[in-house]
Amino acid sequence: MRKHLLYLLLCATSLLPACTGQPKDFSKGEDVSIFPDYTGITIPANIAPANFLIMDSARKYITLFESGNVKVIVKGGKVRIPMGKWKKLTAHGDITVTVYEEKAGRWLKMNPFNITVAEDIDSYISYRVISPLYESYGRLSLNQRNLTNFKEKVIYANTMASKGEQTQCINCHSFRNWHTDNMQFHVRQYLGGTIMYRDGNLAKLNMKTDSTVSAAVYPSWHPTHDYIAYSSNKTHQNFHTNHTNRIEVFDDFSDLILYDLTDNSVSVIENSPAEFECYPSWAPDGKTLYYVSADMGDPDEFNKRGGAVMANARGTFKYSLYSKSFNPDDRTWGKKKMFYDAAALDSSITWPRVSPDGRWMLCCISTHGVFPPNQEVSDLMLFDLKNGTYRYADEANSMKSESYHSWSSSGKWVVISSRRGDGVHTRLYLAHFDPENGRFSKPFLLPQKDPTHSWKFMYSFNVPEFTVEPVRVSARVLASFIKSTEATPVHYTQKREE
């Protein structure tokens with residue numbers, strides 16, 4: 001009797017090659033429709049299960065996963081692969097997926113699709129969770145996801161320190177060399193300051209000085225020395241009622257500054273009154289800084305015409321890519337050099353990010369402005385710094401907005417912020433990169449335990465950053481520190497030039 005009950009219980013589960021295995025008799029079907037689209041993708045060997053939803057209409061579904069001599073069968077239209085079974089599949093290499101659908105009393109074997117299994121990816125990724133169109137930050141958090149499973153934790157949430165109408169914006173989290181023992185992010189408005197976490201110690205800094213236009217904004221940690229390059233921006237928003245781009249985010253002023261962690265000082269990198277400098281990004285050797293800048297011409301005439309507000313409203317404010325040499329030992333700068341004149345090509349370039357091997361640089365190209373997430377269309381452009389060539393990364397782009405992007409520590413994976421799903425919510429997509437030929441694999445949506453997550457979660461993910469380890473300071477400790485600590489002022493020092 002007990003054996004009979006055990007047999008019935010096993011037959012009721014979703015994993016059974018015996019009594020509920022793949023059908024014996026079937027006809028040939030067509031391509032299967034699934035969400036997320038995981039057909040023909042390349043995944044890391046250590047990624048969490050690529051769960052998906054079968055979008056075809058059928059009475060029953062059976063999905064067969066095969067890798068080497070490992071077979072896994074999952075029943076139902078919501079395909080959720082058990083973690084242990086998934087790890088056995090990825091350990092054996094590439095996976096073939098076959099979906100069987102029962103329609104009108106007969107089984108159809110849909111065309112199989114393949115999932116290529118490649119190198120491991122960094123185990124963690126951190127991102128900001130925010131309302132989809134960035135109009136408000138009543139609920140805003142920095143979160144961390146373990147890519148090898150579905151565990152997510154809050155690094156810090158603004159609700160932990162907000163008080164009534166006194167609210168916070170938190171942004172621009174970043175890490176040094178993919179490690180979390182050096183981390184920073186900004187808290188704006190209530191209890192504001194730049195939060196610095198270094199080797200177990202916390203600091204809260206007031207980065208605004210009488211010689212800079214604002215506090216620090218977009219960061220880039222120096223890879224070998226105790227510096228952080230920042231932009232210093234006064235940011236403005238326009239809201240449209242009848243435009244495909246509902247929001248325009250732009251700068252009224254923007255310079256570049258260097259923060260020296262050893263003596264708590266800031267100095268100017270670039271602050272031309274005729275330029276709007278933004279988005280600094282170090283080369284891996286720390287001897288070159290890339291950034292973008294928009295030339296406004298004569299500042300007085302520019303302001304007479306309505307300044308940045310009118311320039312952005314007309315789509316005429318365009319950023320080009322520059323570089324500057326840097327000696328990290330004595331903190332001296334060379335002259336700026338034009339690297340890519342996007343404005344001359346009637347485009348705007350943003351967010352330069354150099355691969356860990358120093359050969360490739362990934363940027364974002366759009367029609368105008370400095371904040372592509374809010375534009376209907378923007379694309380990724382890839383520069384080969386070795387050969388001096390560049391191209392649109394068409395295999396990674398979509399018909400919607402691609403924006404913030406980051407390299408993994410190996411340089412073989414990228415994470416892309418994209419609105420390719422519904423045109424409104426920014427989601428995170430992963431893509432394999434071949435550093436030999438400079439090609440991306442098909443980007444795929446970050447796997448979730450529930451494959452319908454993207455339909456149900458009405459928030460956006462942005463500013464994704466890979467790390468090789470988890471953030472170890474707790475949200476509770478961060479909140480207590482932010483609430484109890486006054487921001488320490490930084491002091492201003494003169495720029496050093498060659």
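Asn177 counts as partly exposed because its relative accessibility is 35%, where buried means under 20% relative accessible area, exposed over 50%, and partly exposed in between (1.4 Å probe, protein chains only). Asn177 is placed in the loop between strand 14 (168–176) and strand 15 (179–189); helices (H or I, at least four residues) and strands (E, at least two) are DSSP runs numbered from the N terminus. The phi of Asn177 is near 55 degrees, a positive value in a residue other than glycine.

The structure is a predicted model, in which local features need pLDDT of at least 70 and side-chain atom pairs count only at pLDDT 80 or more, while totals for chains, interfaces and linings use all residues. Residues are numbered from 1 along each chain as its sequence is written, and side-chain values use heavy atoms, with hydrogens and water left out. The average pLDDT (the predictor's confidence in each residue, from 0 to 100) is 89 for the protein, and 88% of the residues score at least 70. Residues 1–19 have a pLDDT below 50, and this stretch has 18 contacts in the model beyond near neighbours in sequence, a contact being heavy atoms within 4.5 Å. Over residues 238–243 the pLDDT likewise stays under 50, and the model has 12 contacts for them beyond four places in sequence. Where pLDDT is low, the predicted coordinates should not be read in detail.

The protein contains six helices and 37 strands. Of its 498 residues, 57% are buried. Among contacts with a separation of 6 or more, 59% are between residues 24 or more positions apart.

Beyond four places in sequence, the residues touched by Phe65 include Phe52, Val72, Ile81, Leu89 and Ile95.

Strand 24 (residues 319–327) and strand 25 (residues 332–340) run antiparallel and are joined by six bridges; two strands pair if DSSP finds at least two bridges between them. Asn327 has Thr332, in strand 25, as its bridge partner. Four residues lie between the strands of this hairpin, in which Arg331 takes a positive phi near 60 degrees.

Most residues other than glycine have a negative phi, and most peptide bonds are trans. Tyr279, in strand 22 (residues 275–282), has a positive phi near 50 degrees. With a relative accessible area of 2%, Tyr279 is buried. The peptide bond from Phe35 to Pro36 is cis, with omega near -10 degrees, and Pro36 lies in the loop between strand 2 (34–35) and strand 3 (42–44).

His432 belongs to strand 32 (residues 427–434) and counts as buried, at 14% relative accessibility. Not counting residues up to four places away in sequence, His432 touches Thr42, Ala118, Glu119, Lys412, Trp413, Arg439, Phe440 and Ser441. The C-alpha atoms of His432 and Gly411, which are 21 residues apart along the chain, are separated by 9.1 Å.
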